[in-house]
Amino acid sequence: MRRMILALALATALPVAVQAKTVPVEERTVEQLQAEMTAGRASSVDLVQSYLKRIAAMDRKGPTLRAIIALNPDAIAQAKALDAERKAGRIRGPLHGVPILIKDNIETADRMATTAGSLALKDNVTGRDAPLVAELRKAGAVILGKTNLSEWANIRSTRSMSGWSAVGGLVKNPYALDRTACGSSSGSGAATAASFAAAAVGTETDGSVVCPSSINGLVGLKPSIGLVSRTHVVPISHSQDTPGPMAKTVRDAAILFSAMSAADPADAVTAGAVKKDYAAGLSASALSGLRVAVLRPDMTPDLAAKYQAALDVLKAAGAELVEVTAPKLEGIGDAELTVLQTELKADLDTYLATTPAAVKTRTLDDVIAFNRANRATEMPYFDQETFEAAAKTKGLNDPAYKAARAKSLKMASEAIDGMLAKARATVLVEPTYGPAWLQEPVYGDQYGGPSSSELPAIAGYPNLTVPMGLVRGLPVGLSFIATKFGEATVLGAGYAYEQRAKARAAPRYLPGADVGPGLEGVR
């Protein structure tokens, strides 16, 4: 049933072919594609058609990445309109005519459902643009389609398999097809790495932009809470949810972020957001004289060596490195879980009440019942114990919830601010994650390495990951973390590092990880 629904979704969503030439899109950046259109060597229609051909050859054929849930039937029409604007002399900006993919928990007004990967939302065709999508359109982006994701943004179970959804199947990692693409923005990560679009939008509650970006060899920015609207985004937590850009370069991520960020009256936390061109100030000399706090978490020797090489690049670029130690934060994980479960029930119930009448699951309880009734398609690998725990929470006025939010927020923000203050630094660095782990349907995610996501996710601070190379053929990333609204700081430092390190490698679509001599067959 799931395959039939997905086949129908992709078939009905295919844009109508028009006369266009195939242009090279593999490994091309937003900047490069814009240069091609400016020079008249390619049109937006050419780009859309070229990406569609690549998706057709690789997403359900070839390496079968399963990164795409739906293609926008209006993408070519959008591209034609933007080409006409260009011909008339109107250029909206660096995204004009550039195809972008959107994670399928973010609504678009196009003729595509917003499913969050769940069959319960297969009829969720709202006709609404999330404000962040509206901002991308204003900037000239073409909405090419929707990306697969960990179902319900990976909040249904603690034993989930990242990258799997009932609607889209299991996303594969373009670097090693037996490895995870990481959740929950797995499709956005794999699709961007595989050049199915110039860039993509993901969402993060804790790790779901920076993890798939790091593990798929990309730049990913988890912004400060309050800079990008969450309206018409299927929610988990209003305290921690935020969309963020995923791209091949820091400049491309900055271009996308500049377009996405804006104040939204329907999302009060964004009241102070001001439009800003974050790409304009990027400089290769941004690390010169910059004090950088350095964390060294427990990690394998090969990851430690790669991290040290990255630190050497920072130092060579003029940064002053100051070692810091992370404080002990007893109970922060439990407090965060209480917050996420409580807000999940409240926020998801509120969202579902706004969906079209065709959507029959109007509450979290309805979704739980739907999953039980459709266990074969919705829960073939893992259950929904996190959903069930969330359903038992007592609401946003519960003193235990309020105490948990106050505790986790205080601990996370004071930890980051304290490390920066102790080092007299403006940015903190650490490995984003280790290499991708095996996809494991029996035991679920089995990752146990370092992770940079928790503290900035809870505090609402920015976290930028930039590629720092490969470990056994698998990408790893370097995180740049700053205090709230420090996006210009992390983007500047990340750009200066990227320009010197040039550490990103293109994917090779290997059947398994390059484990090295003496370890052949070890998975």
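Helices (H or I, at least four residues) and strands (E, at least two) are DSSP runs, numbered from the N terminus. With that in hand, let's walk through this predicted model, where local features need pLDDT of at least 70, side-chain atom pairs count only at pLDDT 80 or more, and totals for chains, interfaces and linings use all residues. Residues are numbered from 1 along each chain as its sequence is written, and side-chain values use heavy atoms, with hydrogens and water left out.

**A glycine in a loop**

- Gly-444 sits in the loop between β11 (427-431) and α15 (454-459).
- Gly-444 is buried, with a relative accessible area of 2%; "buried" means under 20% relative accessible area, "exposed" over 50%, and "partly exposed" in between (1.4 Å probe, protein chains only).
- Setting aside neighbours within four places in sequence, Gly-444 is in contact with Arg-159, Ser-160 and Met-161, where contact means heavy atoms within 4.5 Å.
- Gly-444 and Ser-186 are 258 residues apart along the chain, and their C-alpha atoms are separated by 15 Å.

- Look for the cis peptide bond between Gly-183 and Ser-184, where omega is about -5°.
- Ser-184 belongs to the loop between β5 (169-170) and α6 (186-193).
- Cys-182 is in the loop between β5 and α6 too, and its phi is positive, near 70°, though Cys-182 is a residue other than glycine.
- Cys-182 is buried, at a relative accessible area of 4%.
- Asn-154 isn't a glycine either, yet it has a positive phi of about 70°.
- You'll find Asn-154 in the loop between β3 (142-147) and β4 (164-165), and at 23% relative accessibility it counts as partly exposed.

- Helix α5 (residues 131-138) has 6 of its 8 residues buried, so it is largely enclosed by the rest of the structure.
- Those buried residues are Pro-131, Leu-132, Val-133, Glu-135, Leu-136 and Arg-137.
- What do they pack against? The buried residues of α5 pack against α4 (75-87), β2 (99-103), β3, β6 (199-204), β8 (242-247) and α8 (250-260).
- After α5 comes Gly-140, with a positive phi near 100°.
- Over in helix α4 is Gln-78, which counts as buried at 17% relative accessibility.
- Apart from neighbours within four places in sequence, Gln-78 is in contact with Asn-72, Asp-110, Arg-137, Val-142 and Ile-143.
- Gln-78 and Asn-173 are 95 residues apart in sequence and 30 Å apart in space, C-alpha to C-alpha.

**Nonpolar cores**

- A nonpolar core is a set of buried Ala, Val, Leu, Ile, Met, Phe, Trp, Tyr and Cys residues joined through side-chain atoms within 4.5 Å.
- As background, nonpolar side chains in soluble globular proteins tend to be buried together.
- The largest nonpolar core here has 105 residues, and the ones that touch the most other members are Leu-95, Leu-132, Leu-136, Phe-196 and Phe-480.
- The element that gives the most to this core is α8, with 8 residues.
- Another core, of 19 residues, lies apart from it; Met-419, Ala-425, Leu-428 and Leu-455 are among its members.
- Not counting residues up to four places away in sequence, Leu-132 touches Ile-106, Val-201, Val-228, Ser-229, Val-233, Pro-243 and Met-260.

**Helices that pack together**

- Helix α8 and helix α16 (residues 487-501) have axes that come within 9 Å and cross at roughly 155°; axes are lines fitted to C-alpha atoms, for helices over the stretch in contact, and angles run from 0 to 180 degrees between N-to-C directions.
- That makes α8 and α16 roughly antiparallel (angles under 35 degrees count as roughly parallel, over 145 as roughly antiparallel, 65 to 115 as roughly perpendicular and the rest as oblique).
- On the α8 side, the contact is made by Val-250, Arg-251, Ala-254 and Phe-257, and on the α16 side by Glu-487, Leu-491, Gly-494, Tyr-495 and Glu-498.
- By class, the contact of α8 with α16 has 5 nonpolar, 1 polar and 3 charged residues (Ala, Val, Leu, Ile, Met, Phe, Trp, Tyr, Cys and Pro count as nonpolar, Asp, Glu, Lys and Arg as charged, and the others, Gly among them, as polar).
- Helix α10 (residues 332-352) packs with helix α14 (residues 399-423) at an angle of about 130°, with axes 8 Å apart, which makes α10 oblique to α14.
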